[in-house]
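Please read this briefing alongside the sequence and the 3D structure shown here.

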Amino acid sequence: MAGFFRWLQRKSRQSSNLVRGSSDNTSASSPSPCSAQCSNSLASSSVNSPKQTSSTFHVNISSSDSARWNKLYDVCICHSEGDLEFVEQMVYYLESQPERFRCFLQLRDAVPGSAIVSELCEAVQNSHCWVLLITSRFLKDPWCVYQMHQALMEAPMANGRIIPLLKDIDRRDYPRELKCIYYINITVQEKSFGQVKETVMHYLQDLCQNASRSN
């Protein structure tokens, strides 16, 4: 009888060890693909979270000692004469902003009787940014293409200074010379004007911030 009870005790100890071993094996197993994916997504979102980025120091681009005033114009508008109405609306929008962006519009601001080539060259050289309104007319206009090349000579590969606007053309017709520069595809007119403003503003803030740091 006593031997029977000793056999029962050994049996219960073996079964409890088996249960403990199986639970240990379960906790040590590798995480499921779902849990791994969730942890990766959380890690990536924490890296890209705006809270992780350093705050940008904004400078007053309109102060009297701003590097903005080193050039006559904030924006030079390059366009075909057939797109003048659209350009005039954009210029009105930019010049009506609190920053009062200074725009060069050839048909409005060029000196009467002056040489076109010299006027275009001076406008490009005396502007911080260049907006290229790329339409089918622009691509066929030698003066527009000339201005585009002048802007590229001033600042090759300069995203932020050269601002191409695509209007009513296929992206396949986008000039190869600008293939490394981001463009704004005009879908909603007011929205595209705002994107131009933000791009110019961002460049001018960077310009003034770098100038203030070097002083």
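At what angle do helix α5 (residues 116–125) and helix α7 (residues 142–154) pack? The angle is about 40°, and the axes of the two helices are 10 Å apart. This is a predicted model, in which local features need pLDDT of at least 70 and side-chain atom pairs count only at pLDDT 80 or more, while totals for chains, interfaces and linings use all residues. Residues are numbered from 1 along each chain as its sequence is written, and side-chain values use heavy atoms, with hydrogens and water left out.

**The sheet**

- Five strands form an open sheet with parallel pairing, in the order β2-β1-β3-β4-β5; strands (E, at least two residues) and helices (H or I, at least four) are DSSP runs numbered from the N terminus, and two strands pair if DSSP finds at least two bridges between them.
- β2 (103–105) and β5 (184–185) stand at the edges with a single partner strand each, so one side of each is left without a neighbour in the sheet.
- Strand β4 (residues 162–166) runs parallel to β5 and is joined to it by two bridges, and L166 has N185 in β5 as its bridge partner.

**Helices**

- Helix α3 packs on the sheet, where it touches β1 (73–78), β2, β3 (127–134) and β4, and its direction makes about 160° with that of β2; contact means heavy atoms within 4.5 Å, and axes are lines fitted to C-alpha atoms, for helices over the stretch in contact, with angles running from 0 to 180 degrees between N-to-C directions.
- Helix α8 lies across β1, β3, β4 and β5, running at about 155° to β3.
- Where α5 and α7 meet, the residues in α5 are I116, V117, L120, C121, V124 and Q125, and those in α7 are W143, Y146, Q147, Q150, A151 and E154.

**Aromatic rings**

- Rings of Phe, Tyr and Trp (its six-membered ring) pair if their centres lie within 6.5 Å, with planes under 30 degrees apart counted as stacked, over 60 as edge-to-face and the rest as tilted; by this rule the count comes to five aromatic pairs.
- Y93 and F193 form a tilted pair, 5.7 Å centre to centre with 40° between the planes, and this pair links distant parts of the chain, since Y93 lies in helix α3 (residues 84–95) and F193 in helix α8 (residues 189–214), 100 residues apart.
- Both Y93 and F193 are buried, where buried means under 20% relative accessible area, exposed over 50% and partly exposed in between (1.4 Å probe, protein chains only).
- Ring pairs link F86, Y93 and F193 into a cluster.
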